[in-house]
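Please look over the sequence and the model below before reading on.

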Amino acid sequence: MRYIRPVSTPLDPAEADWSTRHSVLSTARRTAALVNVLSGGPPGPGSGTGPGPGAGSDPAPDAVAEVLRAHGEIDPVDLTSRDVEGMRAAAVLLREVFAADSADAAAHALNRLLGAHTGALRLTSHQGTTPWHPHLDRGDDAPWPEWFLASSCMALAVLVWDRQRPPGRVCASTACRNVFIRQGSGPERRYCSRRCATRERVAAHRRRG
């Protein structure tokens, strides 16, 4: 159903290596992008300036499929309106992890999701069509919403484990509220994009003026 490609088939130059495209960090970034588009933000990989959680109605299946393809999913990506409705409900649950202000809060949020919404950890190769990799959904043909929530929980949990801090955060811009994955050991990021950071700096300058 997902990641279906014979292991022996050479990858096209335009396609990144499978293990890179489906690494923990790549999966976590896909989670953030999906949470953003499912929360009513702009369609696409979800880098910037959506109106925030709960805004608007469910996005079109094509918009969600576009994000999935941008983050490594291989066609056919066949989503129905019902799939998107379920994924939107999952995105609401995942947003709590991004809103966590400490590793403890993120871990507790993830533990609740893992206990209520995922299956046992298992390894799958999708009947020999992919490298072995872990899943927490209940089967290789799990519905899209279950797969999205389970794979996201696993990636975010590994980031908490590895970094001992929240895996992401919500953009500090009141005009955006998109989520993003925290990266690296440099200064703490507060905004999901340079656009949001610049807009807030300009607004602060005008208030002081």
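Helices (H or I, at least four residues) and strands (E, at least two) are DSSP runs, numbered from the N terminus. This is a predicted model, in which local features need pLDDT of at least 70 and side-chain atom pairs count only at pLDDT 80 or more, while totals for chains, interfaces and linings use all residues. Residues are numbered from 1 along each chain as its sequence is written, and side-chain values use heavy atoms, with hydrogens and water left out.

**Overall layout**
- The chain has seven helices and four strands, and along the sequence they follow the pattern α-α-α-α-α-β-β-α-β-β-α.
- Of the 209 residues in the chain, 47% are buried (buried means under 20% relative accessible area, exposed over 50% and partly exposed in between, with a 1.4 Å probe and protein chains only).
- Taking contacts (heavy atoms within 4.5 Å) between residues at least 6 apart in sequence, 57% join residues at least 24 apart.

**The nonpolar cores**
- A nonpolar core is a set of buried Ala, Val, Leu, Ile, Met, Phe, Trp, Tyr and Cys residues joined through side-chain atoms within 4.5 Å.
- The largest such core has 38 residues, of which Leu34, Leu38, Val64 and Phe148 touch the most other members.
- Two or more residues of this core come from each of α2, α3, α4, α5, α6 and β4, and the largest share, nine residues, is given by α6.
- Another core, of seven residues, lies apart from it and includes Phe180, Tyr191, Cys192 and Cys196.
- When neighbours within four places in sequence are left aside, Phe148 is in contact with Thr31, Leu34, Val35, Leu38, Met87, Ala90, Ala91 and Leu94.

**Helix α4**
- Helix α4 (residues 81–99) has 19 residues and reaches 27 Å from its first C-alpha to its last, close to the 27 Å expected at 1.5 Å a residue (the expected span is 1.5 Å times one less than the number of residues).
- Among the buried residues of α4 are Met87, Ala90, Ala91 and Leu94, and the buried residues of this helix pack against α2 (24–38), α3 (61–70), α5 (103–117), α6, β3 (168–170) and β4 (179–181).

**The aromatic pair**
- The structure holds one aromatic pair; the ring centres of Trp144 and Trp147 are 5.3 Å apart and their planes stand at 90°, so the pair is edge-to-face.
- Rings of Phe, Tyr and Trp (its six-membered ring) pair if their centres lie within 6.5 Å, and planes under 30 degrees apart count as stacked, over 60 as edge-to-face and the rest as tilted.
- Because Trp144 and Trp147 are three residues apart in helix α6 (residues 144–163), they are separated by about one helical turn.
- Trp144 counts as buried at 5% relative accessibility, and Trp147 is buried with a relative accessible area of 1%.

**A loop residue**
- Ser125 lies in the loop between β1 (122–124) and β2 (133–135), where Ser125 is buried with a relative accessible area of 9%.
- Not counting residues up to four places away in sequence, Ser125 touches Thr130, Pro131 and Trp132.

**The cysteines**
- The structure holds zero disulfides (a disulfide is a pair of cysteine sulfur atoms within 2.5 Å).
- The sulfur of Cys176 has its closest cysteine sulfur in Cys192, at 3.7 Å, which is too far for a bond.
- For Cys196 the closest cysteine sulfur is in Cys176, at 3.8 Å, again too far for a bond.
- Cys176 is buried with a relative accessible area of 0%, and Cys196 is buried with a relative accessible area of 0%.
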